[in-house]
Amino acid sequence: MSNVNIKRLVENIRSGTNVYTPLVELVVNSIQAIDEKKSDKGVVDIQIKRDGQEDLIEGLRGVDGFIVSDNGVGFTQANRDSFDELYTEQKKSDGGKGFGRFTCLKYFDRMNVSSIFAEGHELRERRFRMGLDKDIIVDEELRPISEGDTGSVIEIAGIKSVKFPDKGIDTISRVLVERLLPYFVDADKPCPRVVIRDEGSTAAPVSLNDYLGQDSSQIVEMPVQNGAFCLSTNGEDQLFQVRVFKFYSPRAARSKVSLVAHRREVTDVALQAYVPEFADEFFEPIPGDEAGKGRNFVIKAYVFGDYLNDNVSLERGEFRFQTESDLLSGISQSQIEQQAAEIAKSAVGAEIAERKQRKQARITEYVSTQAPWHRTLSNEVDFSSLPMRPSNQDIELHFQRKKFEKEQATRAQVAAILQAEDEADLDKKISQVMTSISETSKNDLIHYVSMRKCVLDLFSKALESDDDGRHKSEGEVHDIIMQRKKDSDEIDFDAHNLWMLDERLNFSAYISSEKPINKANGDRTDITIFNNRVAFRGENEASNPITIFEFKKPQRDDFANPSSKDDPVQQIVRYVNQIRDGKFKTPKNRDIIVNTNTPFYGYVVCDLTKKVTDWLDREKDFTPMPDGLGWFRWFGNINLYVEVLSWTKVLRDAEMRNKIFFSKLGIE
C-alpha cells in the first residue's frame, strides 16, 4: 500500500506538460506492454470520449477524455506493483521515469484501469482506479476468469478547467502522430497498429500508421546527406542524429525542429526562429499533372541523442540544460536546435536559396531607392536573421543595429590604441581604425545628402499653386526651412533646413523661429540667428554676426503698398536697432553683446513680382543681383547688409550647391 500526497504531487506538475501529455503517456505504455508480450499483432485502440453540446461551427462536442485499449501483457503483479510505486524504475531501460501516470490526474478528474493478464496458465482480471488522496491504487478488484485476451483498458475522463484544444478526430490524430513519430519510424522496433475512433461511432477508425509509408501518406521522410552532428561539453563530444520529414496538408502548422527523448517528442520550436525562410509552407507539384496542382507541406526535423535522453525532465516537458548558450553551461537547447535547423535547411536547399534571393532583392531595392546611404554598409551586413519578407522598418532597424555595433567596435579599437603601451604596428592599427571611421562617416554623409534631396523636392512642391491657383501660406513654406515658434533649445541642431538659405547657418549657436526673444509679448522675427562661426568659438562675442530672416507668402506683394505695416525691410531695420539698444537678451538672460562693429545680415524671401521690384528699385534704393532673382543694399550706419531673394532663387541656389552630391549618388 502506498502513502503519497497525490494531490500536492499533481499540483506541482508544471514542467512543459499539456492536455495531450496524459494521452501520449497511455499510448506509450500500451506500446511497451505489446513489446513486452512480443506480439507481432499488437493493436492500440484509442477512443475519444465526448461531453457537452455540439459546436455550432464544427458540429462536434468537446473532448471529455479517452479510453486507451491494448492487447499487451496486461497489469501483471509486477506491473501492478510498479504502478503503485512512486518513481518506479521498472521501465528505466526504456526511458521510464515512473511518473507519467500522475499527469493524467493533472488534466482529468479520474483514471480507471481494467486489465486481463496471465499468471502461470491462468487468466486473471484486475480492476482499480487511481487515487486522489494518499493511495495510488484504490478500489482494487482481482478475480480469475476462464477466457479472454490479455491486455488493458485505461480510461481518463472528466477534463478539468483547461479545455482540450482540438475536437476533430483528424486533428487529434495528426498531433498524436507528430508527438509519437519516433515510434512509427523506428526500424529496430516496429510500432504496433495504433487506431483512433469516436466512442460509439460506426465510422471506420483512423489508423495513425497510415500517415506514413504509403503513396498517399501525409508524412514522408526526406533524405539528408549528413544527418549527424557533434557538440562538446566538459571536453566530451555528444552525438546527435537528425531525421527530417515532410508533413503534407499542414493547415496552420509551421515548420519545426523537435527534440526527442526516449522516442517521445519533448520540445518543439519554429524553424523560422533560426532560418527565417521557413516561415512559409513549401509546395510540391504533382509530377505530370497540370501546372498549379500539387500539395503544400511543412518541414519537421526530429533530433535524437543520448544527451537528450539523459537530460529530459521528470515530466518529459523540458530538458535539464540551459535554453540559451552561456560560457559556464554545457550544451544548450538553442545550440542543438540551430544545428538541426541547418540540416533541415539542406533538405530543401534549393527553395531556401530562392527565398533568400528574393529577400536580398527586397533589401537591395530598399537601399537603392530609399536608403542609398546604406550601400557601403549593405556589403558588410549579414541579413540572414531578417524575416523572409522584411518591411522597410525591419531592414532599417537591422542597419541601425549593425551600424551601432560597428561604431562601438571602432570606439573600442580607438580606446585600445590609446591605452596600449606597445607601439608596434601602431601605424597599421591606426590606418585600420581610420578606414572604419571613414566608412561610417561616408554612410552618414550619404544619408544626409539624400535627406536634402527630399527636402528640396518638398520645397519645390510647396512653391507650386494648387488647382485653384492658390499658393501655400507663408507658414507652410516657413516650416520646411524651420518649424515656427521653436528655437534651437527645443529642436536638434540638424532638425532645421537653414542650409537652403546659407550653408554657414548650419553652425549657428542659437536660432529663434517666430518667437519673441526673452520677452513674452515682444516683436518676433521669422528667424533670428546668433551666429558662432567655426573660426570663433567664443560665446556671445561682439564680433559674431546676427542674422535675421523675414518670409513672405509666395506671390504676396501687398507689403510693398505705401500704407503697409508689413514692410519687411523696415522690420529688419527695427529689429537690428532694438538689438543694438539692448532690448533683447540671450536665452540665458544675459545681454546680447554688440557694438558698432557687430555685423548684421538681413534676408527677405518673397516672390519678386513687378510691384516688388519697382518698390525695391524706386523706394528702397536696392541694387539688383546679376541673375535678376535678388536685390541687395548696405545700411552702413547700423552695419546691416540686406538681401531680398526670390523663392525661386532660394530653391535654385540650394539645388545648384547640392547638385554634384545628388549626381554622385545617382538621385538627381
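Predicted model: local features only at pLDDT ≥ 70, side-chain atom pairs only at ≥ 80, totals over all residues.

Reader: Which strand does Lys300 lie in, and which side chain does its own side chain make a polar contact with?

Author: Lys300 belongs to strand E15, which covers residues 294-304. Its side chain makes a polar contact of 2.8 Å with the side chain of Glu265. If residues up to four places away in sequence are left aside, Lys300 also touches several others, including Glu178, Arg243, Phe245, Lys256 and Asp268.

Reader: Okay, zooming out: how many helices and strands does the protein have?

Author: The protein has 15 helices and 23 strands. Of its 668 residues, 47% count as buried. Among the contacts with a separation of 6 or more, 65% are accounted for by residues 24 or more positions apart.

Reader: What order do the strands have in the open sheet of 8?

Author: The order in that open sheet is E5-E4-E3-E6-E2-E1-E7-E8, and the pairing is mixed. Its edge strands are E5 (137-145) and E8 (206-207), each of which pairs on one side only. Helix H2, residues 21-37, packs on the sheet and touches strands E1 (43-54), E2 (61-70), E3 (108-119) and E6 (151-159), while its direction makes about 15° with that of E2.

Reader: Which helix lies across E1, E2, E7 and E8?

Author: That is helix H5, residues 169-184, which runs at about 165° to E7.

Reader: Why is E6 described as largely enclosed by the rest of the structure?

Author: E6 is described that way because 7 of its 9 residues are buried. E6 also pairs with E3, in the antiparallel sense and over 8 bridges, and in that pairing Met111 stands opposite Ile156 in E6.

Reader: Changing topic to helices: at roughly what angle do the axes of H7 and H8 cross?

Author: The axes of H7 (residues 333-347) and H8 (residues 349-369) cross at roughly 95°, and they come within 5 Å of each other. That angle makes H7 roughly perpendicular to H8. Where the two helices meet, Lys345, Ser346 and Ala347 are the residues on the H7 side, and Gly349, Ile352 and Lys356 are those on the H8 side.

Reader: What about H13, how far does it reach from its first C-alpha to its last?

Author: H13, residues 568-580, has 13 residues and reaches 18 Å between those two atoms, close to the 18 Å expected at 1.5 Å a residue. Its buried residues include Pro568, Ile572, Tyr575 and Ile579. Covering the buried residues of H13 are, among others, strands E19 (546-551), E20 (600-606), E22 (630-635) and E23 (640-646), as well as helix H14 (610-619).

Reader: Which residue caps the N-terminal end of H13?

Author: The cap is Asp567, which has a side-chain oxygen 3.0 Å from the backbone nitrogen of Val569. H13 is followed by Gly582, whose phi is positive, near 80°.

Reader: Last one: where is Ser378 found, and which residues does Ser378 touch?

Author: Ser378 is found in helix H9, residues 375-378. Not counting residues up to four places away in sequence, Ser378 touches Val367, Phe383 and Phe399. Its C-alpha atom is separated by 9.8 Å from that of Lys402, although Ser378 and Lys402 are 24 residues apart along the chain.

Notes: Residues numbered from 1 in each chain as written. Heavy atoms only, no water. Pairing = 2+ DSSP bridges. Helix = DSSP H or I, 4+ residues; strand = E, 2+ residues; numbered from the N terminus. Contact = heavy atoms within 4.5 Å. Axes fitted to C-alpha atoms, helices over the stretch in contact; angles between N-to-C directions. Expected span 1.5 Å × (residues − 1). Buried < 20%, exposed > 50% of the residue type's maximum accessible area, 1.4 Å probe, protein only. Polar contact = N/O pair within 3.5 Å; in protein donor to acceptor, adjacent residues only side chain to side chain. Parallel < 35°, antiparallel > 145°, perpendicular 65-115°, else oblique.
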